[in-house]
Amino acid sequence: MSEAAMTQTDIDVAIQLIGMHKWYGEFHVLKDINLTVERGEKIVVCGPSGSGKSTMIRCINRLEEHQQGQIIVDGIELTNDVKKIDEIRREVGMVFQHFNLFPHLTVLENCTLAPIWVRKTPKAEAEATAMKFLERVKIPEQAMKYPGQLSGGQQQRVAIARSLCMNPRIMLFDEPTSALDPEMISEVLDTMISLAEEGMTMICVTHEMGFAKTVADRVLFMDAGEIIEQAPPQEFFENPQSERTQLFLSQILHNG
Amino acid sequence: MTAEAADLEVAKINKFRDPRIRAIFYQILVIVLIVGFVAYVGHNTAVNLEKRGIASGFNFLSQPAGFGIGIVLLMDFDSQTSTHLDVLLIGIINTLAVSISGIFLATIIGFIFGVLRLSKNWVVNKIAAVYIEVIRNIPLLVQLMFWYFAVLSVLPLVGDSMSIGNNFFVNNRGVNFPAMIPSTGFWLIPVALLVAIVASVLVRNWAHKRQDLTGQIFPVFWVCLGLIIVLPVIASLIMGNPFTMSYPEFGRFSITGGWSLEPEFLALLLGLSIYTGAFIAEIVRSGINAVSHGQTEAAHSLGIRPGLTTRLVILPQALRVIVPPLTSQYLNLTKNSSLATAIGYADITALFAGTSLNQTGQAIECIMITMLFYLSISLLISMFMNWYNKRIALVER
Ligand SMILES: Nc1ncnc2c1ncn2[C@@H]1O[C@H](COP(=O)(O)OP(=O)(O)OP(=O)(O)O)[C@@H](O)[C@H]1O
Ligand SMILES: [Mg+2]
């Protein structure tokens, strides 16, 4: 999709977090986060509940503000500068656990809203693009329906299509399948796998270890606001270094 | 009992167990009871009136009223020749005047304080909270008396009017300000205003089409605002300012010239809109709160700026929660305007269901007409708001 754009740039680092800290009041949520994501890399983030996974990826598109350290996305450093925040948000797509589709707009309008108002795309063109992505996530026939009329899996696929319509170079996923019934999980994961195969840079917070094994270049384990361990999936699952990782893996492998 | 008869019996019982048949039966029963009751009351009343020699009918409407009225808008009223029908019309106009301006003002106050109540700024937030809590918990009648007796009546006498600039006076007889009195050629100004409004609609449609085709966004709001201000000004210049200004001036006992707003009107308007505004603020706050924060986050993550997010995502969803209770606030305000009697504002209740009724003794007719008036206004407001609500309603599963 944006492959042409990718080869043109010299920057092959998509995201860089350098010594990043965040507090909620007194509470130290993220402690000295250092992370470099290369272009086209797929990262899976896992860790116990409350460890700061969501907070970390939400800092990348400024849904949360960090207080110390640097965040550099696509060569642009995130500061309080509204222009830069806008620029970064246009390049970074995000998919939420609870879909967050706009219930007062049709599926098609959900997908064309941002292209029309942010990228100033003519309507016909925005709709054509939207239909293209709705076909990719395999629900073009739902275009005229409202989100409330779709199943959870379908809604999440619309949410993915909606993000893709802005032609982002980076996609963030925050537990995209945890609000779904088991039989709908695979349809969403399939969409994400095909996206990964096309070379999209992705950070996914998920506990779907099968997904991590198939697509991830690196798996990150977080606990208590710190990145405890990171390794390619095979190494991560077969030979986890820290005790906390081992404990966590034994727990989710038991339950899953 | 033969077997057949027993079957019939069972069939009868079963029929009455069918909810649809039951529903029809009960509906017929209720209608019969209501019709019977109304007929009984009507007959009784007619008989009693006849016994006491009170003529019924609406002839009294064309009789001269023979009393003066404090506030007369849009009409000429003469205590000798004007009839009770004129009194009714003045009452209606006065009620509409205070209700319409009250709805307008209450909506503005309500939306401002509703949004302030959500502010992250502690001071602003608390000010809004105190306003809402204090105002909602004091009876409206007491608040009206407060504005009339405790605020507006203790303002300085006319002779010592407080003045703002040279032409704006505040005293215990109300507020005086300059008036614009049309002279020949004035007609072009309202025509220009009308043209500006039509042009604004056209500009809006054109801007939509252009955005669809080219993607460019046109500053519709500012251009239309400009049109609506500039066109009438140009019209006025073309006709050589076709109006004379009348400035309030001090006479011996009173201020003459200009326009004035009486304290009764001001007190009622302030009381109604500040009271209803507090309720509307609560409605607006909860409407905006009802839209989940996830909606804002999704819009932001797509690169949509905060202002546009409010306009395109939050407001359309909040409005569908806000409109139904807002409608009932508008109805409340209109009906509450009948408390005008307490502070002597000449609304339909005070004038027609009050003075006219006392003078003519036509209680049933006066009360009926007054009730019919409030009912029609309320139904009109409801119809309009229901239409608006349908337009913005949400499609669910
Ligand atoms: N707005 C907030 N104010 C205060 N504390 C917060 C806020 N948001 C999150 N937290 C706290 O920050 C910590 C990290 O939250 P976060 O949502 O990032 O965890 P997570 O790893 O995504 O967990 P989960 O797997 O349950 O989604 C939690 O302890 C949470 O209680
Ligand atoms: Mg989370």
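## The site of ligand 1

Which residues are around ligand 1? They are Tyr24(A), Phe27(A), Val29(A), Pro48(A), Ser49(A), Gly50(A), Ser51(A), Gly52(A), Lys53(A), Ser54(A), Thr55(A) and Glu175(A), a residue being counted if one of its heavy atoms lies within 4 Å of the ligand. The model is predicted: local features need pLDDT of at least 70 and side-chain atom pairs pLDDT 80 or more, whereas totals for chains, interfaces and linings use all residues. Residues are numbered from 1 along each chain as its sequence is written, chains are lettered from A and ligands numbered from 1 in the order in which they are written, and side-chain values use heavy atoms, with hydrogens and water left out.

By class, this shell holds four nonpolar, six polar and two charged residues; Ala, Val, Leu, Ile, Met, Phe, Trp, Tyr, Cys and Pro count as nonpolar, Asp, Glu, Lys and Arg as charged, and the others, Gly among them, as polar. Strand E2 (27-38) and helix H2 (53-60) of chain A each supply at least two of the shell residues, and H2(A) provides the largest share, with three. Helices (H or I, at least four residues) and strands (E, at least two) are DSSP runs, numbered from the N terminus.

Side-chain polar atoms also approach the ligand. An oxygen atom of ligand 1 lies 2.5 Å from a polar side-chain atom of Ser54(A), and an oxygen atom of the ligand is 2.6 Å from a polar side-chain atom of Ser49(A). For Tyr24(A), an N or O atom of the side chain is 3.3 Å from a nitrogen atom of ligand 1. Taken alone, ligand 1 exposes 640 Å², of which the protein buries 58% (Shrake-Rupley method, 1.4 Å probe).

## The largest pocket

The largest pocket has a volume of about 1600 Å³. A pocket is an open set of points on a 1 Å grid over the protein atoms alone, where a 1.4 Å probe fits, with protein on both sides within 12 Å along at least five of seven lines; lining residues have an atom within 4 Å of a point. The volume is the space filled by probe spheres set on the points, which are joined across faces, edges and corners.

Of its 32 lining residues, Trp117(A), Arg204(B), His208(B), Arg311(B) and Leu312(B) are the closest to the centre. The elements giving two or more residues to this lining include helix H4 (107-117) of chain A and helix H10 (306-336) of chain B. The lining comprises 20 nonpolar, five polar and seven charged residues.

## The second largest pocket

The second largest pocket has a volume of about 860 Å³. Among its 27 lining residues, Lys120(B), His293(B), Thr296(B), His300(B) and Pro306(B) lie nearest the centre. H10(B) gives the most to this lining, with five residues. Ten of the lining residues are nonpolar, eight polar and nine charged.

## The two chains

Chain A has ten helices and ten strands. Its radius of gyration is 18 Å, which agrees with the value near 18 Å for a compact globule of 256 residues. The radius is taken over C-alpha atoms, and the globule rule is 2.2 Å times the number of residues to the power 0.38.

Chain B has twelve helices and eight strands. A compact globule of 397 residues would have a radius of gyration near 21 Å, but chain B has 29 Å. Along its principal axes, the C-alpha trace of chain B spans about 100 × 75 × 45 Å.

How values were computed: A polar contact is a pair of N or O atoms within 3.5 Å; within protein, one must be able to donate a hydrogen and the other to accept it, and residues adjacent in sequence count only if both atoms are side-chain atoms.
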